[in-house]
Amino acid sequence: MIFQHASELAIRATVFLAQQAPGKLSPVHEIAAHTGVSEAYLAKILQKLASAGLVRSFRGPGKGMELGRAASTITLASLILAMEGSKETDKCALGLGTCSEETPCILHGEWIPIRTAIRNLLEKTTLADLAESVITRKAGFGARQGNGLLAPAQAEASRGRRHA
């Protein structure tokens, strides 16, 4: 993937939150268990997402996390931007700092339509779309090994069922 591992974990954590009943607060340890990451690392990721208004944190009795707004309004682009700042797809395909329309690298012309397609995909895909996709996969429709959205335990169970 062209994005950082933390972005993948942010997507997995927010998809989990999108699947919860409205008003249900999910403790960090529950989200961490679902995503297969340590609580401490996940807390840092969730803190970035909270700073961007994508999730909300509640303290005290019944503490936990929830989405900051409706899953249908949170795009993958907004998650990637919250985690990584400027989008990696906006950079040169070869990693050159001087690549631009005025001084293009050898791949510049080929990369522009790919970059545009990736950006469009990220901007049109919402957490609601992903949550529905995961629910469909859990129901047995098109489950794929290593799809990146199932929690590690779910992915392992999915692989085990296919080989049985």
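The model is predicted, so local features are taken at pLDDT of at least 70 and side-chain atom pairs only at pLDDT 80 or more, while totals for chains, interfaces and linings use all residues. Residues are numbered from 1 along each chain as its sequence is written, and side-chain values use heavy atoms, with hydrogens and water left out.

The structure holds 3 salt bridges, a salt bridge being a side-chain nitrogen of Lys or Arg within 4 Å of a carboxyl oxygen of Asp or Glu. One of them joins the side chains of Arg12 and Glu8, at 3.0 Å from N to O. Both residues belong to helix H1 (residues 5–18) and are 4 residues apart, about one turn of the helix. Helices (H or I, at least four residues) and strands (E, at least two) are DSSP runs, numbered from the N terminus. Arg12 is buried, at 9% relative accessibility, whereas Glu8 is partly exposed at 33%. Here buried means under 20% relative accessible area, exposed means over 50%, and partly exposed lies in between (1.4 Å probe, protein chains only).

Glu30 and Lys24 form another salt bridge through their side chains, with an N to O distance of 3.1 Å. Glu30 has a relative accessible area of 27% and is partly exposed; Lys24, at 30%, also counts as partly exposed.

A further salt bridge is that of Arg56 and Glu66, at 2.5 Å from N to O. This pair links distant parts of the chain, with Arg56 in strand E1 (residues 55–58) and Glu66 in strand E2, 10 residues apart. Arg56 is partly exposed at 40% relative accessibility, while Glu66 is buried at 14%.

Helix H2 (residues 28–35) has Ile31, Ala32, His34 and Thr35 as its buried residues. Viewed down the axis of H2, these fall within an arc of 165 degrees, so they line one face of the helix. The arc is that of the directions from the helix axis to the C-beta atoms. Just after H2, Gly36 adopts a positive phi of about 75 degrees.

The cysteines come next. A disulfide is a covalent bond between the sulfur atoms of two cysteines. With the criterion of a pair of cysteine sulfur atoms within 2.5 Å, the structure holds 0 disulfides. For Cys92, the closest cysteine sulfur is in Cys105, and the distance of 3.7 Å is too far for a bond. For Cys99, the closest cysteine sulfur is likewise in Cys105, at 3.7 Å, again too far for a bond. Cys92 is buried at 14% relative accessibility, and Cys99 is buried with a relative accessible area of 18%.

Leu94, Leu96, Ile106 and Leu107 make a nonpolar surface patch of about 400 Å². Patches consist of residues with over 30% relative accessible area and no salt bridge, joining like charges within 9 Å and nonpolar side chains (Val, Leu, Ile, Met, Phe, Trp, Tyr) within 5 Å. Accessible areas come from the Shrake-Rupley method with a 1.4 Å probe, and for residues only the protein chains shown count as cover. Leu96 sits in the loop between H4 and helix H5 (108–124) and is partly exposed, at 43%.

Thr75 lies in the loop between strand E2 (64–67) and helix H4 (76–84). Leaving aside residues up to four places away in sequence, Thr75 touches Leu122, Glu123, Thr125 and Thr126, where contact means heavy atoms within 4.5 Å. Thr75 is buried, with a relative accessible area of 17%.
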